[in-house]
Amino acid sequence: MMRLKLRNNRHHRDNDRGNRTHTMAIDNAGAKYPGPFREEPESLFERCSWFYAFCREHLFHDHTATISHALWPGARPGPDTHLLEIACGPGFYACSLAQRYPDIQITGVDLSDRLLSRAKDRADIRRLKNCHFIKANVLALTQSLDPVDAIIASRFLMVVEDRPQALHEIFSALRPGGRCFIAEPTSALRAALPLSCMWFFARLMGDWTTRFHEPGRAAVMNQHEFQSLIASQPWSTVSLWQDHWYQYAVCDRSC
Ligand SMILES: C[S@@+](CC[C@H](N)C(=O)[O-])C[C@H]1O[C@@H](n2cnc3c(N)ncnc32)[C@H](O)[C@@H]1O
């Protein structure tokens with residue numbers, strides 16, 4: 001069972017909707033991320049959640065089949081499998097895998113209330129009972145979660161402020177014998193487009209003074225940087241490859 005330190009999340013609309021999928025916040029959620037104060041940087045993903053959700057749905061590659069094959073090659077996951085999608089955004093993979101494998105439990109974590117709300121709506125529309133979303137900071141994930149069997153991290157390392165810490169958290173959040181799938185864009189130009197548009201929309205909506213966490217350009221890693229980052233954790237096996245759009249890592253933790 002997953003251990004969560006839960007608190008009520010006042011920003012969500014859960015209370016007015018009886019049978020919605022649970023969205024919860026865990027204690028680490030405030031760490032190193034947007035606060036309510038004017039001088040603190042905010043998140044572009046929160047401010048322009050609608051635009052990111054549109055891009056995720058209609059413009060970005062769907063790696064669901066690749067993820068399934070990478071995490072559970074030639075087999076279905078066991079019924080007690082617990083899969084974590086970190087920085088899940090609008091919950092695209094959490095929901096598609098929950099639909100594909102109704103026996104497993106999936107948790108999506110993110111810091112954006114609005115994206116989490118979209119993820120929850122997505123799960124509700126599909127009537128998914130095995131898919132839950134919580135607000136949590138991936139940079140302090142293991143303070144609040146018991147180890148899981150598998151982790152997905154898609155398009156996350158290019159935006160997170162402390163990549164080595166993020167990777168350490170991914171490693172630590174996996175149980176021994178667990179496996180993670182990581183996908184990162186390879187083109188700085190293509191990855192920069194959604195971010196630039198979000199900056200543009202934020203300014204267009206009159207947001208001239210707000211400081212945002214996210215960089216103007218996505219911090220896309222080259223092949224060497226990606227390899228070095230992956231190698232920073234004591235994985236038992238690592239498989240790395242790339243195609244025209246993304247670089248991938250599938251890593252196993254043995255101890
Ligand atoms: C580029 S989006 C990726 C979303 C999704 N994984 C996908 O494939 O489309 C990055 C996501 O990371 C989230 N994020 C950034 N820093 C985070 C952190 N420290 N903890 C949790 N989520 C974070 C943002 O809110 C955003 O939803």
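Start by selecting strand 6, residues 148–154: seven of its seven residues are buried, so the strand is largely enclosed by the rest of the structure. Buried here means that 20 or more other C-beta atoms lie within 10 Å of the residue's own; exposed means 12 or fewer, partly exposed means in between, and C-beta atoms are placed from the backbone. Helices (H or I, at least four residues) and strands (E, at least two) are DSSP runs, numbered from the N terminus.

Two notes before moving on. The model is predicted: local features need pLDDT of at least 70, side-chain atom pairs count only at pLDDT 80 or more, and totals for chains, interfaces and linings use all residues. Residue numbers run from 1 along each chain as its sequence is written.

**The whole chain**

Zoom out. The chain has eight helices and nine strands. Of its 255 residues, 45% count as buried. Among contacts with a separation of 6 or more, 75% are between residues 24 or more positions apart. Two residues are in contact if their C-beta atoms, placed from the backbone, lie within 7 Å.

Select Ile-86 to find it opposite Ala-153 of strand 6.

Ile-151 has Cys-180 in strand 7 as its bridge partner. Between these strands the chain passes through helix 6, residues 163–173, and this β-α-β crossover is right-handed. The term means that, with the strands pointing away from the viewer, the path from the first strand over the helix to the second runs clockwise.

**Helix 6**

Which residues of helix 6 are buried? They are Ala-166, Leu-167, Glu-169, Ile-170 and Ala-173. Look down the axis of helix 6: its buried residues fall within an arc of 155°, so they line one face of the helix. The arc is that of the directions from the helix axis to the C-beta atoms. These buried residues pack against strand 3, strand 6, strand 7 and helix 8 (223–230).

Select Arg-155, in the loop between strand 6 and helix 6. Its phi is positive, about 55°, although Arg-155 is not a glycine. Most residues other than glycine have a negative phi. Is Arg-155 buried or exposed? Arg-155 has 22 other C-beta atoms within 10 Å, so it is buried.

Next select Pro-185, which lies in strand 7. Pro-185 is buried, with 21 other C-beta atoms within 10 Å. Leaving aside neighbours within four places in sequence, its contacts include Arg-155, Met-158, Val-220 and Trp-245. Draw a distance from its C-alpha to that of Ser-154, 31 residues apart along the chain: the separation is 8.9 Å.

Follow the contact from Pro-185 to Trp-245. Their C-alpha atoms are separated by 5.8 Å, and the two residues are 60 residues apart along the chain. Trp-245 sits in the loop between strand 8 (237–242) and strand 9 (246–252). Trp-245 is partly exposed, with 14 other C-beta atoms within 10 Å. Outside four places in sequence, Trp-245 is in contact with His-61, Pro-185 and Thr-186.

Show strands 8 and 9 together. They pair in the antiparallel sense over six bridges, and a hairpin of three residues joins them. Val-238 stands opposite Cys-251 in strand 9.

**Helix 2**

Select helix 2, residues 49–58, and colour its buried residues: Ser-49, Tyr-52, Ala-53 and Arg-56. Viewed down the axis of helix 2, they fall within an arc of 100°, so they line one face of the helix. The face turned away from that buried side carries the exposed residues Trp-50 and His-58. The buried residues of helix 2 pack against helix 1 (44–47), helix 4 (92–100), helix 5 (113–125) and helix 7 (188–204).

**The ligand**

Finish at the ligand. Which of the 20 residues around the ligand come nearest? They are Phe-45, Ala-87, Gly-89, Val-138 and Ser-154. A residue is near a molecule or strand if its C-beta atom, placed from the backbone, lies within 6 Å of it. The shell around the ligand divides into 12 nonpolar, five polar and three charged residues. Ala, Val, Leu, Ile, Met, Phe, Trp, Tyr, Cys and Pro count as nonpolar, Asp, Glu, Lys and Arg as charged, and the others, Gly among them, as polar.

Conventions:
Pairing = 2+ DSSP bridges.
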